[in-house]
Amino acid sequence: MEIATSRGGRISLTVFFWLLVIFLYLPIVVLAVFSFNDGDPSFPLSGFTTHWYGDVVSNRVLVTALGRSAVVATISSLIAVTLGVLTSFALLRRRFRGKPVVSALVFSPLVIPYLVFGISLLLLFTLLDKVLTQSFGFYFGLGLHSVVIGHVVVALPYTILTILPLLERLSVSLDEAAKDLGASPRQTFRRVTLPLLTPALISAFLVAFTLSFDEFAIASFLAGTQQTWPVYLFAQLRVPSLLPQLIAVSSVVFIASMLLVLSAEIGRRLAERRYGRDFSARGLV
Amino acid sequence: MATQEAAAPAKQWRRRERGVTAALLSAPMLWLLLFFVAPVVYVASYSLGAIKLFPTDTGVISLDDWSRFLGGGSIYLGLFWKSVRMSLTVSVVVVLLAYPIGYFLALCVRKLKYVLLLVIIVPFLTSFLLRVLAWKVMLGDRGVVNSALVSLHVRPANDPIEWLLYSQFTVMLVLAYVWIPFVALPIFVSLDNLDRSLLEAASDLGASRIKTFLRVTLPLSLPGLIAAFVFVFIPTIGEFVTPLLVGGTSGYMYGNAIQDLFTRGLDWQSGSVLAMFLLLVVAGLMAIFGRFVQVRSVAAD
């Protein structure tokens with residue numbers, strides 16, 4: 001006898017599952033369909049067109065916003081991954097007092113409301129500018145650099161969560177073998193640990209990148225006049241004539257980010273499989 | 001080299017070890033202290049009036065703003081409870097919808113379970129703003145649903161269903177839509193880690209399926225359930241983007257009040273009080289429920 005469900009229960013669960021999948025994907029599919037619709041986004045469909053996509057390319061402001069987001073996402077992810085590697089090593093390979101505090105601190109950006117974090121940084125930078133301009137005539141200001149600072153903080157826990165599981169499976173004995181063979185700590189790191197860790201680093205980068213690329217709340221407070229893509233998108237949503245164009249870009253961004261995330265996920269799983277299935281869940285987090 | 005190390009006093013070795021740890025942790029800790037802890041502490045002290053940022057600020061430490069906020073008849077406190085009600089509703093609905101999904105994937109599907117899990121989760125990993133936008137396109141007066149109803153001659157062209165967009169209902173619908181994929185994950189993990197032999201034992205001892213579920217499966221998956229609940233409740237209580245896009249005036253939430261105080265009202269001190277209060281609520285929730293929330297379960301395993 002199947003214990004978890006009866007036959008009927010199983011069938012209804014299957015139906016429920018696929019209904020939910022439809023619910024989850026329908027709005028996205030509809031959005032994609034309307035990006036090819038020659039007219040307002042409403043029924044009946046008025047004909048096939050690709051000119052919304054053409055309009056996007058010639059919309060300077062939009063392209064600039066996309067570019068800004070790409071820059072912010074790249075820089076903040078690189079920093080977040082670097083800090084994430086350092087923290088992961090410390091949490092997993094080092095013994096020190098206050099580890100629970102460090103661990104709580106690095107993971108707390110997971111639960112802070114981004115709204116609260118955004119205004120906190122806004123207040124901090126405002127104060128900083130007041131002090132700096134008065135004493136040194138230096139203006140820090142709001143802009144992409146401020147957004148990068150905020151995004152690193154919120155991306156950091158995600159990078160650690162991506163790196164830790166793989167690092168956990170990398171046996172310390174590999175490092176020891178390298179050491180025994182005469183490698184310096186630096187050589188060991190560069191020639192043994194880092195190459196083995198690369199898949200996790202790539203997927204951590206992609207996770208951080210997608211997070212930053214589409215983050216709105218923090219960016220809306222910190223971007224100032226340099227609107228990133230989500231901030232721009234949000235501001236333009238009130239202009240109905242722009243809607244089809246926005247839908248077109250959105251579809252592209254949507255598919256791109258889906259592919260990115262999927263490849264990150266598949267890459268990570270392949271790497272984890274390659275290093276064997278030794279699930280050594282240590283009570284760290 | 002090895003002999004040197006052995007010969008060196010243990011003290012020196014320990015100092016070097018501590019140096020390595022410090023070197024690893026200094027950059028991340030510095031970043032978080034400067035750009036995470038400091039701003040939050042700063043907002044806390046600003047909400048108490050301890051810092052003079054604008055000429056209008058008093059610069060005198062007082063609890064005035066806090067007592068005005070917490071006092072009877074405060075509109076912001078009322079708004080907070082409204083948001084709590086909305087978030088609670090959303091969290092309950094989402095958990096109720098996601099539980100069968102987690103159950104189905106963990107206990108009824110064998111080979112394809114991770115693939116199907118990915119099918120559920122992928123929408124969550126794509127743009128939040130776009131998913132909300134999709135619903136705006138779906139539900140507007142001339143949106144997909146209304147125009148489809150008109151095309152099918154179910155409703156006359158000049159009489160769209162207005163409550164579809166810009167209502168409390170829409171905000172909750174969209175929030176539920178946004179969070180279901182995410183919540184399926186911790187529930188799936190807790191059910192997938194369940195020891196199957198316990199279920200077999202219950203069945204061998206003559207328990208019916210329902211009894212097995214109520215006495216074995218459900219209690220054992222409770223931590224995942226609570227984690228899922230907290231994972232929806234915390235972000236939705238501070239939500240302000242969704243109400244802005246699909247909420248209209250009746251969907252206005254606590255987070256919108258905070259944003260308005262900072263961007264329109266320019267009453268940063270009251271805004272700080274509201275923000276700190278929200279943060280304290282979240283911290284309180286984490287203190288109570290934190291032990292159920294295995295951070296690791298987020299990392300898609």
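What percentage of the 285 residues of chain A count as buried? In this predicted model, the share is 42%. The C-alpha atoms of chain A occupy a box of roughly 80 × 70 × 30 Å along the principal axes. Chain A contains 11 helices and zero strands, and its elements, taken from the N terminus, follow the order α-α-α-α-α-α-α-α-α-α-α. Among contacts in chain A between residues at least 6 apart in sequence, 78% link residues at least 24 apart.

A:Val63 and A:Gln227 lie 164 residues apart along the chain, and their C-alpha atoms are separated by 11 Å. Because 14 other C-beta atoms lie within 10 Å of A:Val63, this residue is classed as partly exposed.

Helix H5 of chain A spans residues 114-136. Its 23 residues reach 31 Å from the first C-alpha to the last, close to the 33 Å expected at 1.5 Å a residue. The buried residues of H5(A) are A:Tyr114, A:Leu115, A:Val116, A:Phe117, A:Gly118, A:Ile119, A:Ser120, A:Leu121, A:Leu122, A:Leu123, A:Leu124 and A:Phe125. These buried residues are covered by elements of both chains, including helix H6 (144-169) and helix H9 (217-222) of chain A. The cover also includes H2, helix H12 (254-263) and H13 of chain B.

The contact between the chains involves 74 residues of chain B and 74 residues of chain A. On the chain B side, helix H2 (residues 10-47) gives the most, with 15 residues. By class, the side of chain B that touches chain A comprises 56 nonpolar, 12 polar and six charged residues.

Within chain B, the axes of helix H10 (residues 209-237) and helix H13 (residues 268-289) come within 11 Å and cross at roughly 175°. Angles over 145 degrees count as roughly antiparallel, and H10(B) and H13(B) are therefore roughly antiparallel to each other. From H10(B), the contact is made by B:Ile226, B:Val230 and B:Ile234, and from H13(B) by B:Val282, B:Leu285 and B:Phe289. The residues of this contact divide into six nonpolar, no polar and no charged.

The largest nonpolar core has 165 residues, of which B:Ala98, B:Val183 and B:Ala228 touch the most other members. Helix H8 (residues 168-192) of chain B provides the largest share of this core, with 17 residues. With neighbours within four places in sequence left aside, B:Val183 is in contact with B:Val94, B:Val95, B:Ala98, B:Ala228, B:Phe231 and B:Val232.

A further local feature of chain B concerns backbone geometry. B:Tyr166 has a positive phi of about 60°, although this residue is not a glycine. B:Tyr166 is located in the loop between helix H7 (144-151) and H8 of chain B. Since a residue is buried if 20 or more other C-beta atoms lie within 10 Å of its own, B:Tyr166, with 21 such atoms within 10 Å, is buried.

Methods. Residues numbered from 1 in each chain as written. Chains lettered and ligands numbered in written order. Predicted model: local features only at pLDDT ≥ 70, side-chain atom pairs only at ≥ 80, totals over all residues. Contact = placed C-beta atoms within 7 Å. Helix = DSSP H or I, 4+ residues; strand = E, 2+ residues; numbered from the N terminus. Nonpolar A, V, L, I, M, F, W, Y, C, P; charged D, E, K, R; others polar. Axes fitted to C-alpha atoms, helices over the stretch in contact; angles between N-to-C directions. Parallel < 35°, antiparallel > 145°, perpendicular 65-115°, else oblique. Expected span 1.5 Å × (residues − 1). Buried ≥ 20, exposed ≤ 12 C-beta atoms within 10 Å, placed from the backbone. Core = buried A, V, L, I, M, F, W, Y, C linked by C-beta atoms within 7 Å.
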